[in-house]
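Please read it with the model open beside you.

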Amino acid sequence: MNKMSANPFLALTALEQELLCIFGTGDLGRSLGQRLLQTGYRVVYGSRRPHSCGLLPQGAQPASLVFICIHREHYDFLETLAPHFKGKVLVDVSNNLKKNLYPEANAEYLQRLIPGAHVVKGFNTLSAWALQNGPSDANRQVYLCGNSAEAKEAVAEVATKLGFTVLDKGSLSSARELEDFPLQLFPEWRLPLRLAFGLTVFFFFYLLIRTVVSAYVEQGKDISFRIMASLANKVFPIVSLIMLSLCYLPGVIAAFLQLYRGTKYKRFPDWLDRWMLCRKQLGLLALGFASLHVLYTLIIPIRYYVRYRLAAATISEIRLNHTIPFDTTMAWRTDSYYAMGILGFGLYLLLGITSLPSVSNALSWREFSFIQSKLGYLTLFICTFHTYLYGWDKFLWVSGYTWYTPPGYMLSLVLPSAVMLLKLLLVLPCVDRSLTRIRQGWERSDPE
Ligand code: HEM
């Protein structure tokens, strides 16, 4: 038996198998109606052309809850129905094609047109497709906002019955934020994408000049074919390593800032906040670049250039009847950096997988921070070590500095080495103790 509610809108719900009205017969209106019918509601459609569709069935009680599934441009016709809507809950599900298209949010406009109704903004972040298929993991949430708590409660009840989780975003003044939500284009990816693009372009031209251009200018040799695989397999891992260290740098800066200020209660500067908020995206992009590096590395043995060089070296050995002796150091070096690369990449994958919401939701906070922080630093260390081993003793070869420029991998080592050095300072027992106290709420009292 349905319990009678103190909420008048819910009370009506309980009395009968509730009749809901949907204005608009577009994709969203139809999908919503279908879901509501499946959940056991009675549904009646309203249309801008009441003569052709019939606004309400003859003699029917108007529904207490009306879904307005029409575009804002057609709201003015609703004004003529204002007396019918007095005291009713109008759910505004509309969206716009662009941000800031109108001076006020659609829902606020609707409330102004029909002041006697209780407008609730909601359901606009769901697609018609999501409504038809039922809530999936990624699409469970329905955001609501409105000035009447009872009206929101009534809408929340319908949403819950449809299987959605409701998130109350406050009064109708939040409607603009909800309407902008579906128009966002990867906002938290913007900075990481720009950074990845900038670094890729910089290192591409840097390496192009110091390899292809310099070989052409100094020796008249055309090695431009190297752009496709060799150069790419330098740019991608370099960008990946730098981006991985950029995931951990803001945390280190924040820790030093807290130590310097002697408190955790002061806000971080905006740039640091923004940087911290996009660490996951930075990490996922870095993983993407590392994956490209691994794929490029896999094709090294089948490259024509590599096979040609191997064959030429073997033929030359036979011709000269001279076998190059086995170099144990070289074997150690190559095996070690391959092994570190593989280990680093394995941990990289683990970091990427555990950052996905469906996985991280299943982890406790301690498990999540253990993986993302402790294993994260270990990943950074192993990948950096992989690059140091790759460089081996070439760091000391001044002849490797084409046109006075150091090789790309040397540049890529600067940031991760600095991050690890700073982290090492933070884990020194005396520093760690101070930081832990600050993070537990202790504040240094500055002498006035
Ligand atoms: C270079 C293998 C994973 C960073 C190299 C090279 C190889 C290699 C063969 C030399 C490329 C060349 O001759 O130009 C591998 C393997 C990996 C792996 C087999 C895992 C399956 C990683 C990961 C990172 C990384 C996860 C971290 C971002 C680098 C860097 C270089 C490099 C920065 C130097 C690029 C250059 O300037 O030549 N790796 N790697 N590698 N690798 Fe990896």
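1. A word on terms comes before the rest: the domain bounds used here come from an automatic or database domain assignment. The model itself is predicted. Its chain is divided into two parts, with domain 1 covering 8–183 and domain 2 covering 187–439. Between the C-alpha centres of domain 1 and domain 2 the distance is 50 Å.

2. Consider the overall shape next. The chain holds 18 helices and seven strands. Its radius of gyration is 31 Å, whereas the globule rule gives 22 Å for 448 residues; the value is well over that, so the chain is more spread out than a compact globule. The C-alpha trace spans about 105 × 65 × 45 Å along its principal axes.

3. In what order do the seven strands of the open sheet lie? The order is β2-β1-β3-β4-β5-β6-β7, and the pairing is mixed. At the edges stand β2 (42–46) and β7 (165–168); each has a single partner strand, so one side of each is left without a neighbour in the sheet. On average, neighbouring strands of this sheet are turned by 25 degrees against each other, direction ignored.

4. β6 (residues 141–146) pairs with β7 in the parallel sense, over four bridges. L144 has D168, in β7, as its bridge partner. Helix α7 (residues 149–161) packs on the sheet and touches β3 (65–68), β4 (89–92), β5 (118–122), β6 and β7. The direction of α7 makes about 165 degrees with that of β6.

5. Now the ligand. How many residues surround it? There are 25, and the closest are P237, S240, G341, C383 and Y409. The elements that give two or more residues to this shell are α10 (232–261), α12 (279–298), α14 (328–354), α16 (365–391) and α17 (408–426). With seven residues, α10 provides the largest share of the shell.

6. What kinds of residue make up the shell around the ligand? It divides into 14 nonpolar residues, 10 polar ones and one charged.

7. To check these points on the display, start with β2 and β7 at the edges of the sheet. Then find α7 packed on the sheet. Finish at the ligand, with P237 and Y409 among the closest residues.

Terms used
Residues numbered from 1 in each chain as written. Predicted model: local features only at pLDDT ≥ 70, side-chain atom pairs only at ≥ 80, totals over all residues. Near = placed C-beta within 6 Å. Nonpolar A, V, L, I, M, F, W, Y, C, P; charged D, E, K, R; others polar. Pairing = 2+ DSSP bridges. Axes fitted to C-alpha atoms, helices over the stretch in contact; angles between N-to-C directions. Contact = placed C-beta atoms within 7 Å. Rg over C-alpha atoms; globule rule 2.2 N^0.38 Å.
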